[in-house]
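We'll begin with the core and then move on to a sheet and its helices.

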Amino acid sequence: MNRKVYLFALLLTLIAAASISAKVFYGGHAVSQEYSRHLWRINITMRIKGKGSRAKVRLTLPKNTERQTIYNEHFENDEMVFYVRERPDTNRIGFWRSELLESSKTLQYTFSAQLKSLVYDLPQNLELVADPFKTFPVDFHRWLEPSEFIQSKDRSIKRHFKKVIGRERKTAVVIRKIFDFVRGEVHYKTERRSKDAKETLKKLVANCGGQARLFCALSRAAGIPSRLAGGIILTAGVKNITHVWVENYVGGRWIPFDVVNNHYALIPNHYLELYRGDYYLFKYVGLSKFEYFFLIDVENMPPVDNRWSLYALPIHFQAFAKVLLLIPVGAFVVAFFRSVVGVPTYGTFGPILLALAFQEISIGVGFFFLSAVVFTGWTLRKILDHLKILVIPRLAIILTMVVISVLVMMVVGSYFGQKNILYISLFPMIIITWTIERFSVTQIEDGTPVAFQTSLGTMAVAAAAYYVMRIHAVRIYLFAFPEILLMIMAVLLILGRYTGIRIFELWRFREFNRLKGKTSL
Amino acid sequence: MICFNPRKKYGLLGMNQRNGWYTLIKNPRKLYPLVDDKLKTKQLLEANQLPSPELYFSINFNFELKFMREIKFLKEFVIKPARGAEGRGILVLVDKVGNKWKKAGGALLSMEDIEYHVSNVLAGLYSLGGLDDQAFIEYRVRSHVIFRPVAFQGVPDIRVIMYRGVPLMCMLRLPTKESDGRANLHQGAVGTGLDMLEGVTLGGVHHSLLIDKHPDTQMPIAGIRIPFWKNILETAVKTFDVFKLGYIGIDFVIDQILGPLILELNARPGLSIQLANREGLLPRLQIVDSFGPGIEELPWKKRLEISREMLHKVKG
């Protein structure tokens with residue numbers, strides 16, 4: 001019997017291992033050989049507070065380009081309406097909106113990015129074009145015309161342009177001269193608001209935005225299509241500073257220039273591009289407070305380029321798949337606790353569902369609600385016992401009363417301004433109220449102490465499952481290699497033939513030790 | 001205080017091993033309903049001339065509740081759910097006082113109260129998994145006088161664990177105040193190990209603590225000689241020929257008038273019997289297995305001999 005089980009477990013493990021290694025070596029899960037590859041995990045958190053009117057927040061989202069790959073995206077929308085607008089040739093924009101927003105919300109956007117550094121060669125012989133509006137197609141005109149903050153046709157800009165460039169016609173030299181001029185003349189100073197190009201030229205003191213605009217204006221004055229690019233310079237930790245640099249269209253490609261950090265025709269591997277053009281990263285209406293920060297960390301899983309993997313799913317289905325993948329993990333934890341440790345729980349699925357519910361509301365709130373619900377159910381049962389009511393209607397009454405008490409809690413919380421109590425979504429609430437049924441049934445069958453013990457056991461196992469499910473590596477690797485589920489099954493098979501003593505049984509049979517000295521045995 | 005390998009040291013059988021090696025393999029799934037449904041068990045026992053408390057009548061559906069009026073002719077009886085586990089839902093009525101019946105604990109119940117209890121039974125309140133259930137009304141067993149000093153209110157019962165048709169280990173279960181007259185160790189009854197050769201009680205266990213005296217009556221529980229002991233073992237061995245379950249617990253009661261009766265069978269007998277006997281089950285299981293295959297087919301007398309031989313081996 002055991003040999004068959006072990007063989008089967010081994011077979012499952014081998015299949016999983018073969019599939020994983022096939023994926024790693026041939027299936028697009030390969031770690032690219034790029035030397036200057038960098039992996040980052042970035043979290044953008046926005047804390048907003050509404051004014052009691054319609055509210056809207058927009059954030060430009062990073063796009064995949066030749067040097068950056070965005071993957072494992074995850075949105076936490078705090079129950080606001082969320083959608084992504086994706087059109088070719090513009091920025092990708094995420095919108096959050098709410099018809100009536102009064103309270104505080106926390107919006108989060110988490111993603112991983114694989115970045116490369118790129119060094120460009122400027123074609124040395126290329127000359128400036130005489131009539132750029134005719135040479136470049138219509139799409140490029142917006143990168144040539146002056147704009148609100150990049151006044152490339154302004155008199156002072158033109159005058160300086162003549163002074164800097166003179167009669168030079170070689171594009172590479174012109175860009176170098178503009179770069180050296182801005183770098184040499186304008187001093188860096190952090191500012192609350194970036195200056196426009198004209199202002200920068202007048203004051204000669206500016207932050208990255210002002211310097212980039214000036215560089216961009218001078219380039220456009222020279223007839224080179226030029227645009228701003230914005231993003232974050234990635235360093236592990238928390239920050240809220242964005243960065244702006246310029247891209248010039250030379251010889252058929254966009255070449256980056258960062259005046260402030262002296263990156264000439266190159267982009268380092270810790271520059272994350274979030275948007276192109278003279279935009280703001282965030283825009284919002286109807287808010288009384290808006291705070292944001294970036295939480296940047298190192299990622300350890302490379303992006304996957306495999307049509308036959310879970311990564312190929314649309315992004316919101318990915319979130320769903322991630323939750324599904326956690327269920328077997330939870331089941332494994334429960335199986336371990338039940339058959340190796342011997343903790344009593346309400347079934348196998350109960351603790352898993354509770355752990356999933358805890359993922360949505362925090363574990364503290366979950367425990368509070370669970371205790372409140374169990375306590376209400378317990379007191380109610382004591383009262384109902386006197387009325388001699390049939391079991392199933394009695395359970396229904398208890399369930400109804402629990403729902404009523406949850407509603408009362410919500411109304412009371414809202415009256416006292418504790419609005420966060422309202423944001424508990426339906427799923428965790430249902431699961432928590434469901435435990436009352438199991439509680440009552442156990443109470444009838446095995447008595448109140450056992451019911452409380454089992455509740456405690458369920459809570460403890462649910463907490464353990466919750467913490468295992470929260471491990472970042474577990475989520476990431478399961479999603480990348482769902483074959484791990486086969487391995488979990490293999491371990492469960494072996495656990496299914498585990499015939500050792502449960503840890504709780506050591507306690508139950510502890511009295512055996514007292515007999516050691518006695519001869520009556 | 002805690003030994004970390006009690007399996008090796010005392011031959012302790014754990015829950016996992018019992019489920020994985022014994023109940024799962026020796027007890028075919030299709031035979032479970034015979035044991036889980038006490039009504040079926042009782043019918044099968046009666047059909048095979050094995051002693052059990054007499055069945056008065058059963059109530060299978062809610063509309064049959066009106067037949068409950070029959071009980072007004074009864075002075076004492078027991079109401080049981082057919083699929084109740086661990087002694088749940090058993091109502092023992094010991095006397096009739098006017099229009100009411102007296103419970104074992106002394107409380108008086110009216111006809112309405114009893115009907116409510118039966119309808120709860122039918123709704124599956126006490127059944128395994130909450131399925132709809134049947135209730136039946138049977139003869140109330142009156143405990144043998146010898147147990148009077150060590151039993152509180154209820155009827156003590158004798159559990160015989162049978163492995164492949166061979167009596168393996170026995171214990172006497174004594175109800176306590178805490179267990180509310182029920183002889184179930186989980187509910188606080190006392191378990192007492194038995195010397196199977198003599199039928200004499202050894203020390204006891206109460207809530208996984210070893211004890212020498214009954215917690216309510218304070219009488220010593222060791223040294224009681226079980227009446228009809230040979231008879232009990234013989235009946236147990238014969239019962240195996242009817243219920244072909246390889247690992248089973250048979251619960252006997254000893255009635256004042258009728259002698260030993262089979263109360264119920266349990267396909268998942270508990271493990272506390274090891275504490276009560278101060279001995280692990282594993283060595284005995286291994287000795288029985290060492291007699292080789294085909295033990296199940298032997299005549300009952302032969303199997304009793306194997307049991308005796310096994311006991312001598314364990315002792316020696």
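Which residues of the largest nonpolar core touch the most other members? They are Met162(B), Leu168(B) and Phe252(B), out of 68 residues in that core. Here a nonpolar core is a set of buried Ala, Val, Leu, Ile, Met, Phe, Trp, Tyr and Cys residues joined through C-beta atoms within 7 Å. Buried means that 20 or more other C-beta atoms lie within 10 Å of a residue's own (12 or fewer is exposed, in between is partly exposed), with C-beta atoms placed from the backbone. Strand β8 of chain B, residues 166-174, supplies the largest share of this core, at seven residues. There's also a second, separate core of 33 residues, and Phe337(A), Phe369(A), Val402(A) and Ile432(A) are among its members.

Before going further, a word on what you're looking at. This is a predicted model, so local features need pLDDT of at least 70 and side-chain atom pairs count only at pLDDT 80 or more, while totals for chains, interfaces and linings use all residues. Residues are numbered from 1 along each chain as its sequence is written, and chains are lettered from A and ligands numbered from 1 in the order in which they are written. The model scores ipTM 0.75 and pTM 0.68. Chain B averages a pLDDT of 88, with 97% of the residues at 70 or above; pLDDT is the predictor's confidence in each residue, from 0 to 100.

Still in chain B, look at Ala276(B), which sits in helix α7, residues 273-277. (Helices, H or I of at least four residues, and strands, E of at least two, are DSSP runs numbered from the N terminus.) Ala276(B) is buried because 27 other C-beta atoms lie within 10 Å. Beyond four places in sequence, its contacts include Met171(B) and Gly191(B), contact meaning C-beta atoms, placed from the backbone, within 7 Å.

Now over to chain A, where β14-β13-β12-β10-β16 form an open, antiparallel sheet of five strands. Strands pair if DSSP finds at least two bridges between them, and β10(A) and β16(A) share five. Within that pairing, Ile232(A) stands opposite Leu272(A). Helix α6(A) lies across β10, β12 and β13 of chain A.

Helix α3(A) packs on α6(A) at about 75°, axes 10 Å apart. Axes are lines fitted to C-alpha atoms, for helices over the stretch in contact, and angles run from 0 to 180 degrees between N-to-C directions. The two helices are therefore roughly perpendicular, the term for 65 to 115 degrees.

Technical notes:
Contact = placed C-beta atoms within 7 Å. Parallel < 35°, antiparallel > 145°, perpendicular 65-115°, else oblique.
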